[in-house]
Each structure stands twice: as structure tokens, then as C-alpha cells.
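Please open the structure in a viewer and keep the sequence beside it.

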Amino acid sequence: PPRSTLFPYTTLFRSVSYPCWATFPYFSTGAGESAHKDIAANDFSLLKTGDPDGKYWMPAMSDAPLRGYNGRHEWFWEPGDEKNIFPLENLVEMYYKSVGRNSTLIIGLTPDADGLLPDPDVKRLKEFGSEIDRRFSNPLGSVGGNGNIHTIDLKQEKLVNHIVIQEDIRNGERIRQYKVEGLVNGKWKLLCHGESVGHKRIEEFPKAECKKIRLTIEKSIAEPDIKVFAAFFISETQHH
């Protein structure tokens, strides 16, 4: 089962901590007297980050109500509450900081008194889906496979400001440390680096004009099995 994470809350968005490992040391968190004593330690850090050495597969679950803007935390429909639907930009940021950090994302929806999703909610969800498609449906290039080094050859200089890495999680999480570099003016330049990858890691960085993009796995517990390593150039959110 997924574990629920605790999120730092602002009026704008929610996020999970990074690194966020999909493995956990216990079969369940327990509750009350049965709760493991270290669950609450260090401001529930174990729930937030998971444990790279945990023996149980228990990915983090991130959840937020669609009508949670303006400091609201409303899971149920109320008339005239449309102003508290999260703006598109905030939903995209939620996606980056949940799915993009190896967590799931569950958006809480609120049927109205007729048992239907209100039109403003449906409109925002369609905008959200379209924006994610716009950003990540057409990579500049992508590769995959086993090994510690994976290189995307863009053939010519192209602007890049995002990469996506996905492990083949049928074999678990193997990566423990990685870096991504771009070939800029004939020299390799560090673009980003990190720890956990798992199902998906989205990295955003200042745009760079690169001819090649290289992923190097610097530390792993077994041979890395990369499902996808893809490069993107993504412009700002488009309003619909």
C-alpha cells in the first residue's frame, strides 16, 4: 500500500520532500499504541522521505483537494466556492513536486448536489491534463537501457531546460546518486544532480544550449536500469 506523506502547506501548492524513496522499513505505519516509535521522529521525516534501505515497496502518496486554494482545505463541494479552485500554475507545480519527485498525486474532486463534477472543476482538470501533455509529450530526444552512462545526441545545439529520468521499477530503485551534464560549446557542463529517481524524476534547470545531454549514475546498489532518460525545452505555462 502507498504511504501518505505529510506536506508543508502554503496557500499556493503542496510538495513532498526530496529525496523521496519508494521503499519503507515497515509493512505499515501502525496507529496509536501500535505505531512505530520512529515514525514521528524528526517531524515525521521517515514518512516524508522513505528509506532507501527499506524492505517494503510503499511509494509515497500525495493528495490535495482541487478546491484547496487561498488557504482552503476543502474536500467537499459548497456553492459559490469556485474561487478556491487551484490555478493551473499551482497544479503544475504540484505535479513537479509530487510525481516529479517519485510520488503519486491524487487530486480530491468534489461532486456537486447533483452528483456531478462542476463545470469549472472539469475545465481546470482538462487544462491541467493538456498542460502536462504539452510539456512532456514531445521530448527533444530520449534513450534508455542498462548501465551507468546514458547520452542523448541532439545532433545540433538545442535549448534544454528539463530532463526526465525513469527507472524500470520492476527491478526496484537502484540509483543512489546521479548527475546530468550538457555538452555546451564543446565542454560538459553540470545541469543538475540528485539522489532518488524511482518511477519518475523531473529536473528543471536554467536553459542551456546543448548538443548532447549525458546522465551519469555515480552510485547505485545494482546495475542501473533506465526506462527513460529524456530531454525537453519547456516554455512557460500556456493559458487556455
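**A guided tour of the chain**

Residues 24 or more positions apart account for 75% of the contacts in the chain with a separation of 6 or more, where contact means heavy atoms within 4.5 Å. The model is predicted, so local features need pLDDT of at least 70 and side-chain atom pairs count only at pLDDT 80 or more, while totals for chains, interfaces and linings use all residues. Residues are numbered from 1 along each chain as its sequence is written, and side-chain values use heavy atoms, with hydrogens and water left out.

**The whole chain**

The chain contains three helices and 11 strands, in the order β-β-α-β-β-α-β-α-β-β-β-β-β-β from the N terminus. Helices (H or I, at least four residues) and strands (E, at least two) are DSSP runs, numbered from the N terminus. With a radius of gyration of 20 Å, close to the 18 Å that the globule rule gives for 240 residues, the chain is as compact as a globular protein of that length. The radius is taken over C-alpha atoms, and the rule is 2.2 Å times the number of residues to the power 0.38. Along its principal axes, the C-alpha trace spans about 60 × 50 × 25 Å.

Of the 240 residues, 46% are buried. Buried means under 20% relative accessible area, exposed over 50%, and partly exposed in between (1.4 Å probe, protein chains only).

**Helix 2**

Next, select residues 88–96, which form helix 2. How many of the nine residues of this helix are buried? Seven of them are, and the helix is mostly covered. The buried residues are Leu88, Asn90, Leu91, Val92, Met94, Tyr95 and Tyr96. Their cover includes strand 4 (60–65), strand 5 (103–108), helix 3 (119–136), strand 7 (149–167) and strand 10 (201–220).

**Aromatic rings**

Rings of Phe, Tyr and Trp (its six-membered ring) pair if their centres lie within 6.5 Å; planes under 30 degrees apart count as stacked, over 60 as edge-to-face and the rest as tilted. By this rule, the count is seven aromatic pairs.

Phenylalanine 27 lies in the loop between strand 2 (23–24) and helix 1 (41–49) and tyrosine 56 in strand 3 (residues 56–57), so the pair ties together parts that are 29 residues apart in sequence. Phenylalanine 27 is exposed at 57% relative accessible area, whereas tyrosine 56 is partly exposed at 28%.

**Alanine 230**

Move to strand 11 (residues 225–232) and select alanine 230. Is alanine 230 buried or exposed? Its relative accessible area is 3%, so alanine 230 is buried. Apart from neighbours within four places in sequence, alanine 230 is in contact with Pro139, Gly141, Ser142, Ile152, His162, Ile163 and Val164.

**Backbone details**

Most residues other than glycine have a negative phi, and most peptide bonds are trans. Select tyrosine 18 and proline 19, which are joined by a cis peptide bond with omega of about 5°. Proline 19 lies in the loop between strand 1 (3–4) and strand 2.

Then select phenylalanine 44 in helix 1. Phenylalanine 44 has a positive phi of about 60° and is partly exposed at 29% relative accessibility. Finish at lysine 155 in strand 7, where phi is positive at about 75°; lysine 155 is exposed at 64% relative accessibility.
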